[in-house]
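Let's walk through a protein chain together, one step at a time. Have a look at the sequence and the structure first, and then read on.

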Amino acid sequence: MIILTRVDHRLLHGQVAFSWTQNLGADCILIANDDVPTNDIRKTTIKLAKPQGVKLVIKSIEDSIHALQSGVTDKYKLFIVVDSIKDAYKLAENCPEIDKINLGGIKAKEGSKNIGKAVNVLPAEEELLRKMVAKGIAVDIRQVPSDKKVAVEDVL
């Protein structure tokens, strides 16, 4: 069961590993990213941030989609973390059970606009967010679970 999908350019770090995982009651974290599975330094760093007693799975976006569609993840209370809106969109397009996406940290790039604390989006990303909201996916901005939810459609 997918509890939440989070977009955070840092992927797994203290805030995600502890605040979010505990708040959600997740027993498995899926890092869906095309670089990490083949980047030993990033993979090691992410493994070091894993909370005790929580399963950590690191897969490419395509492999994540296949795992989610196959039902192999159904037994877990799954917390998915991606590093971009584009990756969140691709997962949501292929996995209709993704109905909640949290924007937690997206660093500023040239041409991006700030839409919330530590959340910066490019025009193309803004369009993807609008498409997800139109499909009924709840997209919110929050750094930590205790922050007030800000619906992305209210700030675009």
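## Starting with one pair

L30 stands opposite I80 in strand 4. These two residues sit in strands that run parallel: strand 2 (residues 28-32) is joined to strand 4 (residues 78-82) by four bridges. Two strands are said to pair if DSSP finds at least two bridges between them. Strands of a sheet pair through backbone hydrogen bonds, either parallel or antiparallel.

Before going further, please note that this is a predicted model, in which local features need pLDDT of at least 70, side-chain atom pairs count only at pLDDT 80 or more, and totals for chains, interfaces and linings use all residues. Residues are numbered from 1 along each chain as its sequence is written, and side-chain values use heavy atoms, with hydrogens and water left out.

Which order do the strands of the open sheet follow? Its seven strands are arranged 3-2-4-1-5-8-9, and the pairing is mixed. Strand 3 (55-59) and strand 9 (150-151) are at the edges with a single partner strand each, so one side of each has no neighbour in the sheet.

Both senses of pairing can be found here. Strand 5 (residues 100-105) and strand 8 (residues 138-141) are parallel and share four bridges; N102 has D140 in strand 8 as its bridge partner. Strand 8 and strand 9, in contrast, are antiparallel, with two bridges, and I141 stands opposite V150 in strand 9.

## The whole chain

The chain has five helices and nine strands, where helices (H or I, at least four residues) and strands (E, at least two) are DSSP runs numbered from the N terminus. From the N terminus, the elements follow the pattern β-α-β-α-β-α-β-α-β-β-β-α-β-β. The radius of gyration is 14 Å, close to the 15 Å that the globule rule gives for 156 residues, so the chain is as compact as a globular protein of that length. That radius is taken over C-alpha atoms, and the globule rule is 2.2 Å times the number of residues to the power 0.38.

Along its principal axes, the C-alpha trace spans about 35 × 30 × 30 Å.

How much of the chain is buried? Of the 156 residues, 48% count as buried (under 20% relative accessible area, with a 1.4 Å probe and protein chains only). Among contacts (heavy atoms within 4.5 Å) between residues at least 6 apart in sequence, 66% join residues at least 24 apart.

Note on methods
Buried < 20%, exposed > 50% of the residue type's maximum accessible area, 1.4 Å probe, protein only.
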